[in-house]
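Good morning. Please look at the sequence and the structure on the screen while I go through a few places in the chain.

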Amino acid sequence: MVLMPRLSDTMEEGVIAAWHKNVGDAVKKGEVLAEIETDKATMELESYKNGTLLHIGAQKGEKIPVNGLLCIIGEKGKVDIDAIIAATKSGVSPQPVAQSSKASSGPATASTTQIVTSASTENGRVKASPLAKKLAAEKGIDIKAISGSGDGGRIIKADIDNYKTPATENVQPVTKSTAAAAIPLAAFTGNTEEGYTDIPNSQMRNVIAKRLGESKFSAPHFYLTMEINMDNAMAARTQLNEISPAKISFNDMVVKAVALALRQHPAINASWMGDKIRRNHHIHIGIAVAIEDGLIVPVIRFADQKTLPQIASESKELAGKAKNKKLQPNEFSGNTFTISNLGMMDIEEFTAIINPPDSCIMAVGRIKEIVVRKGEGFGVSNVMKVTLSCDHRSVDGASGAAFLQTFKKYLENPITMLL
């Protein structure tokens, strides 16, 4: 039998995005059985063994809870399907055929299958899933030129989707503004009759509502706002981009400044654990990205140890994957601090809800010009407001204020981030 695996730390159920096999079909080891939509991404499910697909637990578009019966694979006439279904409904799991654990951010419990995560050759034959071969042929891609990210180097659908030919190397990654602009909006037309449209919640929207609702009403939030002079940061960015291999954004500079400030203020890089406060020794910065289904938070891991060009390159790659729902579990989990930037959408100042398990989230507004006194006269300066939302159970006001002061020093003196 095959149980629905837990593919992320927040996943409680999965939606069947597509079945690639029908009941009665022969299944070979390595063939794609189905595509599973979680709250964060859509992933392929491959079989670990040969057999026949005897039963499926849900149709396309239907939900199955984690550890619920996804399907049954076995030898026709030798498997008691009714007994397995009854056992899973009663909460008693019969002995599975085989065990596997491939999901990187949670204990996967799907038996006889593997979750495809990313091409090597075997005896001269390219290892690729049937779906990947089909898509490569349709797109005119030489499958031998692709490196596989699946089990044992197998090429999977995601590798084909993410493959870039020389002509498409400069595809622009998603930003909050472009993601918002990409969301299709139905034009309003006048109507003389009352009416409405019900839009079913996506898995992602359901999880956003649940987790942020829990955060807002269980964690006592308090907010600290600080104004940053960005004149030096703007000048430094211009100079850096003349030599940087990747275009550095202001958000990349914010990520770097936050990461370095967290080194000096470990109380901010923490999580409330109920009976204890966990202070993380590593610094993983989550960056909130708006996509059509809602919001997802790709993570720059060990951000304090990366250069600005490295942060810029990685953030663009992760944002592009987020837009296409191609993030792998390790790319959207493990954050210790989160940044939400609406400055590119002309928002001057806002507050954000803490993204568990973090104790803090920073809301970043736009850079604007203000008139200031300079010497004997007046001049123009560029300023940016940031608001730090803190969980008062684990972070005190003085700690949050001290962190912001250090963050401000880094952004107002960018050369210090290069030392």
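N67 sits in the loop between β7 (63-65) and β8 (69-74). Helices and strands here are DSSP runs, helices being H or I with at least four residues and strands E with at least two, numbered from the N terminus. The phi angle of N67 is near 75 degrees, a positive value in a residue other than glycine. N67 counts as partly exposed because its relative accessibility is 39%; buried means under 20% relative accessible area, exposed means over 50%, and partly exposed is in between, with a 1.4 Å probe and protein chains only.

Before going on, a word on the source. This is a predicted model, in which local features need pLDDT of at least 70 and side-chain atom pairs count only at pLDDT 80 or more, while totals for chains, interfaces and linings use all residues. Residues are numbered from 1 along each chain as its sequence is written, and side-chain values use heavy atoms, with hydrogens and water left out.

F302 also has a positive phi, near 55 degrees, and is not a glycine. F302 lies in the loop between β18 (299-300) and α8 (308-323), and F302 is partly exposed because its relative accessibility is 39%.

Now the chain as a whole. The chain has nine helices and 21 strands. Of its 419 residues, 48% count as buried. The accessible surface is about 21,000 Å², and 51% of that belongs to carbon and sulfur atoms; the areas come from the Shrake-Rupley method with a 1.4 Å probe, and for residues only the protein chains shown count as cover.

In soluble globular proteins, nonpolar side chains tend to be buried together. Here the largest nonpolar core has 74 residues, and V258, F337 and L411 are among those with the most contacts inside it. Such a core is a set of buried Ala, Val, Leu, Ile, Met, Phe, Trp, Tyr and Cys residues joined through side-chain atoms within 4.5 Å. Helix α7 (residues 250-264) gives the largest share of this core, nine residues. Apart from this core lies another, of 11 residues, including A128 and I160.

What is L411 in contact with, leaving aside its neighbours within four places in sequence? The partners include I228, M253, V254, A257 and M417, where contact means heavy atoms within 4.5 Å.

Next, N269, in the loop between α7 and β13 (270-272). Is N269 buried or exposed? N269 counts as buried because its relative accessibility is 2%. The N269 side chain makes a polar contact of 2.6 Å with the side chain of T336. A polar contact is a pair of N or O atoms within 3.5 Å; within protein, one must be able to donate a hydrogen and the other to accept it, and residues adjacent in sequence count only if both atoms are side-chain atoms.

E12 is in the loop between β1 (2-3) and β2 (13-19). The side chains of E12 and K210 are joined by a polar contact of 2.3 Å. E12 and T38 are 26 residues apart in sequence, and 8.6 Å apart in space from C-alpha to C-alpha.

Last, the loop between β19 (337-341) and β20 (360-374), where M345 has its place. P357 lies in the loop between β19 and β20 too, and the peptide bond from P356 to P357 is cis, with omega near 10 degrees.
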